[in-house]
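Hello,

Here is the structure we talked about handing over. Please load it first, then read the notes below.

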Amino acid sequence: MKNVTITLAAVLVLMVTSSVVQAAGDQWVTDFEAAKASAKAGGKYLLVDFTGSDWCGWCVKLKKEVFDQDHFKKEAPKNFILVELDFPKRTKLDPKLTAQNRKLSQEYGVRGFPTILLMDADGKVFGKTGYQAGGPEKYIVHLKEMVEAKKAFDKLIAQADKAKGIEKAKLLDKALGSAPAVVRKSRTDLAEIIIELDKDDKAGLKTKYAAQAA
């Protein structure tokens, strides 16, 4: 009887230990502000998954085919803090979490699921995607391409910061021209700078960006 008791105790300890390890191994976080702080401290980006975990078929498919695969679990955290913002219909979330997720979906203009936004540590979006066929390897390549596009954009912005007048306006125009739509939409501040730098419209940039704003 004593041996049976010891055996049962050992099994319970093993079960508890396994659950703790599994929880510790969960790479997704739900606190957006904490995720930004972690990204800033670790020199990483944010991968934010707006999902409907218990009703959205494409969300479930993306999780199963990509996010739950070992290759993604190994490679993605090298560059990203993974953030899940869930909008379930059957599962009940903590009210504070629900409020946070709704607020962020409105702030970032999310209308469909899954929506995957890549952001810097300040929460500025530089990439947008969703379900992509091809498994985790292809998805990681897809993410890396968006990161490289951000680096190229940042390089042009850095060059523009050192320039003046029309030359600066042209570099900013080049940066925006090479950026994805989600970046162009969010960086209206750069369009305003271009218009001011080319206020006489000698380079035709004032007309170009004024038309876009209209």
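**The cavity**

The largest cavity holds about 50 Å³ of space. Keep in mind that this is a predicted model. The structure has 1 cavity of 30 Å³ or more. Its lining is made of Glu 75, Ala 76, Asn 79, Phe 80, Ile 140, Leu 143 and Lys 144. Sorted by class, that lining of the largest cavity comes to 4 nonpolar, 1 polar and 2 charged residues. Two helices, α4 (70-79) and α6, each give at least two residues to the lining of the largest cavity.

**Helix α9**

Helix α6 turns up again here. Together with α7 (165-178) and α10 (205-213), α6 (135-162) is among the elements that cover the buried residues of α9. Which residues of α9 are buried? In this helix, residues 188-197, they are Leu 190, Ala 191 and Ile 194. These residues sit on the same side of α9, because they cover an arc of only 100 degrees around the axis. The general rule behind this: an α-helix has 3.6 residues a turn, so residues three or four places apart point the same way. And what does the face turned away from the buried side of α9 carry? That face has the exposed residues Glu 192 and Glu 196.

**Ile 166**

Ile 166 belongs to helix α7. Is Ile 166 buried or partly exposed? Ile 166 counts as partly exposed, because its relative accessible area is 29%, and buried would need under 20%. Setting aside neighbours within four places in sequence, Ile 166 is in contact with Leu 197, Asp 198 and Ala 203.

**The disulfide**

How many disulfides does a search of the whole structure find? The search finds 1. It joins Cys 56 to Cys 59, with the sulfurs 2.4 Å apart. The link of Cys 56 and Cys 59 is right-handed, with 75 degrees about the S-S bond. Cys 56 is buried because its relative accessible area is 6%. Cys 59 counts as buried too, at 4% relative accessibility.

That is the handover.

Best regards

Terms used: Residues are numbered from 1 along each chain as its sequence is written. This is a predicted model: local features need pLDDT of at least 70, side-chain atom pairs count only at pLDDT 80 or more; totals for chains, interfaces and linings use all residues. Side-chain values use heavy atoms; hydrogens and water are left out. Buried means under 20% relative accessible area, exposed over 50%, partly exposed in between (1.4 Å probe, protein chains only). Helices (H or I, at least four residues) and strands (E, at least two) are DSSP runs, numbered from the N terminus. The arc is that of the directions from the helix axis to the C-beta atoms. Contact means heavy atoms within 4.5 Å. A disulfide is a pair of cysteine sulfur atoms within 2.5 Å. On a 1 Å grid over the protein atoms alone, a cavity is a set of points where a 1.4 Å probe fits but cannot get out, and a pocket is an open set with protein on both sides within 12 Å along at least five of seven lines; lining residues have an atom within 4 Å of a point. Grid points are joined across faces, edges and corners, and a volume is the space filled by probe spheres set on the points. Ala, Val, Leu, Ile, Met, Phe, Trp, Tyr, Cys and Pro count as nonpolar, Asp, Glu, Lys and Arg as charged, and the others, Gly among them, as polar.
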